[in-house]
Amino acid sequence: MVRKIIFFGTIFLILACSKIQGAAFKELIFIDHENLRYVEGPDVTQFQVNQIKQNIDQAKKYGISGYLLFAKETMEAMLTYDFEVDEIGNIGEKAFSPDSRHRRQAERLRKALHEVVAYSNEKGIKLYFHSNQFIFSEEVLNVIKPAIWGTAVCPGREATWAVYRGKIDEFFQLFPKISGLQITGDETQVSVLKCKCEKCRDMSFVERVNRLTNETATVAKKHGKEVQMRTWQRMDELGNPANMEQGVLDNVYFSIKNTDGDFRLPNGLDDEFLTAAIPSRIVCEFDAWREYEGHNYFPCYMGY
């Protein structure tokens with residue numbers, strides 16, 4: 001039995017899920033691609049918080065068990081890096097003054113996410129958070145760059161992972177009631193895949209992605225949290241999909257699109273990937289908003 005099914009979109013999600021009776025999935029999760037994705041002003045942020053609450057109400061009504069915020073800028077904007085790293089010192093003290101705009105903004109965004117977390121817990125809906133985790137603000141990058149940079153962020157330097165563990169730990173300490181974190185390796189703007197310096201040039205694609213995944217999972221496990229790793233079938237370098245769980249910690253699940261390739265109408269079911277790993281570790285993503293064919297201009301439910 002596949003562990004989870006995930007739907008993209010907002011408007012058509014509930015319509016699609018309301019027709020699924022006795023489906024062979026243990027959980028249904030809604031991905032929100034819009035709300036709390038970017039750093040917005042106070043009024044827009046509060047509007048989005050209220051929209052999330054309405055979505056969660058509908059999720060509860062139709063038996064959806066989880067809600068995933070597909071964030072891009074907001075995770076980094078909420079963190080202040082007030083922790084020590086060897087070779088660097090206290091990052092937050094060096095990056096942000098006590099009265100800096102970043103700290104004020106971080107406090108506001110934290111309150112917004114706390115409000116969402118509290119509401120989802122009240123309704124019995126698990127809340128997950130996605131982030132391109134190797135995005136750093138300019139202030140932070142200026143502090144850490146001498147220790148973590150080769151030709152890009154370097155996965156072969158221990159300082160890189162010390163900073164990374166610190167930021168993931170800070171996130172879970174800030175939001176102890178969030179259910180888990182979703183990460184991605186192949187679409188991160190400043191990622192573990194880009195650096196080709198002498199310290200990491202011999203690291204394979206799989207070694208890099210697995211290090212990222214396991215570093216995340218180790219911190220998450222300490223906090224009793226789940227990690228989802230988006231494989232997305234673009235990671236051809238993984239080789240045989242049947243091996244993709246090898247070397248990855250057991251609190252990691254694999255997010256797989258249901259289509260053979262991306263969410264496009266001609267692409268059929270991806271039997272190879274959907275049956276590759278241990279079924280209980282698969283998160284199956286369905287597109288309920290037609291990402292590549294006009295978004296919500298017409299409904300096309302590929303989940304049937």
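**Backbone, rings and charges**

Mentor: Start with leucine 36, which is buried at 5% relative accessibility. Keep in mind that this is a predicted model.

Trainee: Where is leucine 36 found?

Mentor: Leucine 36 sits in the loop between strand E2 (25–32) and helix H2 (42–61).

Trainee: What is the phi of leucine 36?

Mentor: Leucine 36 has a phi of about 55 degrees, which is positive although the residue is not a glycine. Most residues other than glycine have a negative phi.

Trainee: What about the phi of tyrosine 81?

Mentor: Tyrosine 81 is not a glycine either, and its phi is positive, near 60 degrees. Tyrosine 81 lies in the loop between helix H3 (74–78) and E4.

Trainee: Is tyrosine 81 buried or exposed?

Mentor: Tyrosine 81 is buried, because its relative accessibility is 0% and the cut-off for buried is under 20%.

Trainee: Switching to rings. How many aromatic pairs are there?

Mentor: The count is seven aromatic pairs. One of them joins tyrosine 81 and phenylalanine 83, with 5.7 Å centre to centre and 35 degrees between the planes, a tilted arrangement.

Trainee: And phenylalanine 83, buried or exposed?

Mentor: Phenylalanine 83 has a relative accessible area of 15%, so it counts as buried.

Trainee: Then why is the pair of phenylalanine 129 and phenylalanine 171 called tilted?

Mentor: Their planes are at 40 degrees, so that pair is tilted, and the ring centres are 5.2 Å apart.

Trainee: How accessible are phenylalanine 129 and phenylalanine 171?

Mentor: Phenylalanine 129 is buried at 1% relative accessible area, and phenylalanine 171 is buried at 0%.

Trainee: Which residues form one aromatic cluster?

Mentor: Phe129, Phe171, Phe172 and Phe175 form one cluster.

Trainee: New topic, charges. Which residues form a negative surface patch?

Mentor: Glu84, Asp86, Glu87 and Glu93 make up a negative surface patch.

Trainee: Where does glutamate 87 sit?

Mentor: Glutamate 87 is in the loop between strand E4 (84–85) and strand E5 (89–90).

Trainee: Is glutamate 87 buried or exposed?

Mentor: Glutamate 87 is exposed, because its relative accessible area is 70% and the cut-off for exposed is over 50%.

How values were computed: Residues numbered from 1 in each chain as written. Predicted model: local features only at pLDDT ≥ 70, side-chain atom pairs only at ≥ 80, totals over all residues. Heavy atoms only, no water. Patch = residues over 30% accessible without salt bridge, like charges linked within 9 Å, V, L, I, M, F, W, Y side chains within 5 Å. Areas by Shrake-Rupley, 256 points an atom, 1.4 Å probe, with all protein chains shown as cover. Salt bridge = Lys/Arg side-chain N within 4 Å of Asp/Glu carboxyl O. Lys, Arg positive; Asp, Glu negative; His and termini not counted. Charge placed at Lys NZ, Arg CZ, Asp CG, Glu CD. Helix = DSSP H or I, 4+ residues; strand = E, 2+ residues; numbered from the N terminus. Buried < 20%, exposed > 50% of the residue type's maximum accessible area, 1.4 Å probe, protein only. Phe/Tyr/Trp six-rings, centres within 6.5 Å; stacked < 30°, edge-to-face > 60°.
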